[in-house]
4 protein chains.
Amino acid sequence: MSNSKNIFNKTVMPVGEMASGAKLTVPVYSYKTDGFVGPSVYIQANMHGAEVQGNAVIFQLLELLKDCNIKGNITLVPYANPVACNHKNGEYTLGRFDPITGVNWNRMYHFDESVIAPFADKFIDATDGDIQQQFKQLMLNEIEQKLEHNIFGLTTGQRIAYQLQRLAHQADLVLDLHTGPISSKHLYCPEYAQASASYFDIPHTILIPNDFDGAMDEATFCPWWYLQQAYEAKGRTFEMGQGIFNKESFTVELGSQEQIDLDVAHQDAMGILSYLQYKGVIDAPNYQPQEMTRYACYLKDYKALYSPMGGMVDYLANFGEPLAAGEPLARILRMDNYGDGDPLHYVALDHPVLPILHFASASVNQGTELYKVFSKFFELNAE
Amino acid sequence: MSNSKNIFNKTVMPVGEMASGAKLTVPVYSYKTDGFVGPSVYIQANMHGAEVQGNAVIFQLLELLKDCNIKGNITLVPYANPVACNHKNGEYTLGRFDPITGVNWNRMYHFDESVIAPFADKFIDATDGDIQQQFKQLMLNEIEQKLEHNIFGLTTGQRIAYQLQRLAHQADLVLDLHTGPISSKHLYCPEYAQASASYFDIPHTILIPNDFDGAMDEATFCPWWYLQQAYEAKGRTFEMGQGIFNKESFTVELGSQEQIDLDVAHQDAMGILSYLQYKGVIDAPNYQPQEMTRYACYLKDYKALYSPMGGMVDYLANFGEPLAAGEPLARILRMDNYGDGDPLHYVALDHPVLPILHFASASVNQGTELYKVFSKFFELNAE
Amino acid sequence: MSNSKNIFNKTVMPVGEMASGAKLTVPVYSYKTDGFVGPSVYIQANMHGAEVQGNAVIFQLLELLKDCNIKGNITLVPYANPVACNHKNGEYTLGRFDPITGVNWNRMYHFDESVIAPFADKFIDATDGDIQQQFKQLMLNEIEQKLEHNIFGLTTGQRIAYQLQRLAHQADLVLDLHTGPISSKHLYCPEYAQASASYFDIPHTILIPNDFDGAMDEATFCPWWYLQQAYEAKGRTFEMGQGIFNKESFTVELGSQEQIDLDVAHQDAMGILSYLQYKGVIDAPNYQPQEMTRYACYLKDYKALYSPMGGMVDYLANFGEPLAAGEPLARILRMDNYGDGDPLHYVALDHPVLPILHFASASVNQGTELYKVFSKFFELNAE
Amino acid sequence: MSNSKNIFNKTVMPVGEMASGAKLTVPVYSYKTDGFVGPSVYIQANMHGAEVQGNAVIFQLLELLKDCNIKGNITLVPYANPVACNHKNGEYTLGRFDPITGVNWNRMYHFDESVIAPFADKFIDATDGDIQQQFKQLMLNEIEQKLEHNIFGLTTGQRIAYQLQRLAHQADLVLDLHTGPISSKHLYCPEYAQASASYFDIPHTILIPNDFDGAMDEATFCPWWYLQQAYEAKGRTFEMGQGIFNKESFTVELGSQEQIDLDVAHQDAMGILSYLQYKGVIDAPNYQPQEMTRYACYLKDYKALYSPMGGMVDYLANFGEPLAAGEPLARILRMDNYGDGDPLHYVALDHPVLPILHFASASVNQGTELYKVFSKFFELNAE
């Protein structure tokens, strides 16, 4: 591209209707041309209602991309779930699940594993390019079928998820921007894509296996991983993250929910551009990852700690700093025990952990998730 | 027992603590003696907060059981989930899921299929009595382990569910009393226990397969079904519903939520006693099932119909009456379309259905569950 | 008008924006011509989110008005508060108050009593027509001022209320369509307009004094009543409900919330047309009030009964039937007391009452409003 | 008192019952002896559910008072409203208002102005001591009457409020510990008690007039202020804050809600002890106010700023630092406008303000309260 500014395209996608008939829509921004030869990327934000910082990051990405040398299609979708982001309850946004059904908005994407084997059978001898094109089309057809041909209809969340997924399946790389409750920055990264984790400016990475549990990242990389496995089983070998299997999806946790900070978002955007530069979506060598110690753990070792009692919690552990065995993560105030019991209860674990996030409120029931921690962790080295 | 009144035992089980330190407890009523030789039954109510009619049914059961000839242990647990039943939001009870996490309270019971095969291996030649006793003990140990030995703790719902399950595993028959939103009476019944369905005074039965999805009924009958299958695979044959596999679990849907009616509860209790009489838990031949047309369908044919649009719904279909193809289930009012669009949208299906329940409110989003219907149904004949 | 169908005008009024930027609008239907000489009427519905039946009534009014001989301006506003009617929480609509602040949506209308005395001073000798026109303009200016000139802004509810009030102030008669929770039909009627109550097909009337507490009905009739009083104090006498003071406002409670029934709405609409016929807004003598016993009580005798305990309520009293002293309104189930306490508590009053509505759920806290009753009531005679 | 540790008394006060029958209680701690001659103080915390830091402050006060020389009765009530503090909705506590009715928990205290004049008539010539004792008794009787003699019952919130008020009326000084949403520390102080404001370690004071609007502070000082006025009108002069009218009530806003910090609570407790030392409740001269610039404004100048649009807010203004006219308080992100509108809207005022608190979430509707600010403020000088 020349030194004139890049021009994006904006469309508006209807995703739902409320009881009053009000139509909710999602803005879709894209840089797309036939001339692009680099990998394509899909970036969305705010699927969970309270996790709003990603919208500001998309704002900053759009600002920064104006002056970038773009090599691959880029699609950006802020406000991915307006049903969730508009749902206040009291002062906060009740945005993690459908307020009617309780279903987590990020567990409603679609993948039907049963289509993989027949595809590999049919296209066992196809060219790489055909495999890529036909399989992408299959994924799109599957979603189209779900959206358009179902006499019993779709849930509110499926309708939103499938429309977003239709956009995401058109890209090679997928970034789903989330946040934790009160949280450090962290990244969900497929195990096979570990090398990419060091190109984000994010100090904590959870390496996830290839299991589909309904989330956007899984819904977009699992099909390709299953396909690669199916070919391998038939003796045709591909490598994940390479060639036509250059497919990566990440859930990017940008810090704490219920907050917008445009200055931090500018930093967040630069970290994402560093990854896009690494993958060849843009040609902008000034975007490079920051130096930092990056920790990782496997998903099975990413542990939630539930409160052993009801009470009010003074959270003590700092995020991102290894905490020694026996050191308190929190102390729980129980004024009802003052005078005739134990008014302060300290919560500790018997092995070192790396605290990543904690609950959003001091007040907890017995069994409320207090912290999430890396319980076995290691340093990730950039290559 | 003599003609003096039966005496029950009452205990109180702590199930949770709130932020203020308030302890929530559940009353547990039982008729239990060493002399009982009939099958035992466990009955609970109100696991979902708004589904309160079962508490009134337990009231009436306790009243009626005073004068029954009891043959097997009976345990009754009303208010099974006080966290849920105390959670008002606006005028209604937000009781289907944990208000913090969105997780359905009736999807948190435990069953780990991996313990089955080793058990069958170890006890392949054991006596029937030993198998029954040892497997029951294994189920109880599993729950005990979950409750007592977990350094990361339990969720609020797991703690409640596991404690209830510990009681339920001690019984042969399990009845979990629920309701629908606005609903006819209906019954979830394991496929193998179909013959029992006609002993309840309930006109609609959903026959469920042997898959575990976290609910109480599944958590208590699936282990035995898997065990029977494991023995069968090894050449030792038992029949489900017979002998040591005389294990049945039902989710009994008593009608609509948010309502208590003690007179209706008296009828409901008599229907349950009819089933207990049939199974030999009591010897009270005056409790016999009512004559009625009983319809059934398989779980795969029990369909939710989601609203094709946001709007306000005038529900038209009557519960329990077969509805012809093309006949409207509902009409949706869209005043925003009045004058320049279609203010009334009729919702119909292309095949006959039996409407079982509908949504609790006229106001729906696009994608809200409007109705649940038997889409392929047949008559169930009492044997 | 001739026998051709009447043509209404439809506009769309923006009333709010959500976090995603989504704009919420309200449809406004009007029959308005310069030639109309009868009194004008403003009818709105659904200011409280769950109270939806009024939308169906407006649908039926629009259908019926097509063929009426219309004499005065008619404005109809369904979905008056889309913020509220779109706010689901669990299966129900959390619609009585702003979910962020708790403020009742029907307590945010505006009236500043301090403008009355200066107006009466200034226009003490004005013609009747001038008084009417100038005072209506003053009311509109007051609202305009609130909407447009406030550097600190307006609350969400004020913005909605003031825009509706701007429409309502242009009419002589105001009907605000509401519902109760689970409720009989009843009517809030200014004491001075008692004669009009018998022209609605509503068996229960609450006669309200001339105090402003923020509701739509009060906001539209109180100013005129205060003005009449101010003139009277200065020796110029007008009669409320006559001539330029032919101003009446009613809150019409159409039955239970969370329900749409288009057939019942047709009946409701005919009752409203009966009132409009009586007042001369239409000339359609076929719309006449039904014969029925109409009871009334004064607002001070319209009593809420709060639950003396937490528990689960079996509501026993029938709406609209006088209940003798000592007869139970409800019985409260307390299973936690079964076996060692009193599991059933009966709630009664020491004097006869007329039950009008009860709480929407069986589950109540200590102090939840159980019933509202006419505690001193009398028959209302149509004149 | 000697150098042995002080011993407090602990009782438990029942304040409500939930649907399951669960009883909610409040712990009450008191240092009380007949020998105390200093003024008495009542301190409560957590009337609003999410405002929990006051509980930690009471913990630290109890710890510090063990070693204090106590001169007057001290009563401390943490967890004042367990109904509110146990009400989670999503991850947060929906604690500002009754979740069923929307009524603010801190607007339900009682004061009936009509009892003042008759009392002053009757006791016009009574001794100071008699006036004090009789009027205190009258206040207590009024509450007792409300609690015990009402055939229609009390709301959930009234029952809680009246029981707390019964304790508070027994004290001369009342501290109601609250917090803002995201907030600086600030103090609501009666205008006549301005001199006391500088003895708290709180930099911002709102001076409130003597109007009763249902809050605890008003409910306890307004009666005395009205009484003093009534005597003055009859020619008998007392000074507020002196002698038998040494009655002061404060709402102490401790910072942000949803947080417990025991270390900050220790500081907060020392600031409260500084006030108690000043008033002679304790004799502990080491507790002295910190040096700081203290700003004040009158309640009429304490302004809420409502969002002019829906959107996502990046809050820019720092608390407690005067902000010049025209400087932005916040910028509102509107991604739906990106590309074809204005994606960033800056919110500013036309005069200098002192920002005190802001909304708890980035996501706002049009009309959500963004900030509260001192719009005319001045320095408060300690005397």
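How many helices and strands does the secondary structure of chain A come to? Chain A comes to 8 helices and 20 strands; helices (H or I, at least four residues) and strands (E, at least two) are DSSP runs, numbered from the N terminus. This is a predicted model, in which local features need pLDDT of at least 70, side-chain atom pairs count only at pLDDT 80 or more, and totals for chains, interfaces and linings use all residues. Residues are numbered from 1 along each chain as its sequence is written, chains are lettered from A and ligands numbered from 1 in written order, and side-chain values use heavy atoms, leaving out hydrogens and water.

**Overall form of chain A**

- A compact globule of 383 residues would have a radius of gyration near 21 Å, and chain A agrees at 22 Å. That radius is taken over C-alpha atoms, and the globule rule is 2.2 Å times the number of residues to the power 0.38.
- Along the principal axes, the C-alpha atoms of chain A fill a box of roughly 75 × 55 × 50 Å.
- Contacts (heavy atoms within 4.5 Å) between residues at least 6 apart in sequence join residues at least 24 apart in 72% of cases in chain A.

**Surface and charge of chain A**

- Of the 383 residues, 66% count as buried. Buried means under 20% relative accessible area, exposed over 50%, and partly exposed in between (1.4 Å probe, protein chains only).
- The accessible surface is about 13300 Å², with 46% belonging to carbon and sulfur atoms. Areas come from the Shrake-Rupley method with a 1.4 Å probe; for residues, only the protein chains shown count as cover.
- Chain A carries 26 positive and 45 negative side chains, and the centres of the two sets lie 5 Å apart. Lys and Arg count as positive, Asp and Glu as negative; His and the chain ends are not counted. Each charge is placed at NZ of Lys, CZ of Arg, CG of Asp or CD of Glu.

**Aromatic pairs**

- There are 100 aromatic pairs over all chains. Rings of Phe, Tyr and Trp (its six-membered ring) pair if their centres lie within 6.5 Å; planes under 30 degrees apart count as stacked, over 60 as edge-to-face and the rest as tilted.
- Phe8(A) and Tyr29(A) are edge-to-face, with centres 5.5 Å apart and planes at 75 degrees.
- Phe8(A) lies in the segment before strand E1 (9-17) of chain A and Tyr29(A) in strand E2 (residues 23-31), so the pair ties together parts 21 residues apart in sequence.
- Tyr29(A) is buried, at 0% relative accessible area.
- Phe111(D) and Phe212(D) are also edge-to-face, 5.7 Å centre to centre with 85 degrees between the planes.
- Phe111(D) counts as buried at 12% relative accessibility, and Phe212(D) as partly exposed at 26%.
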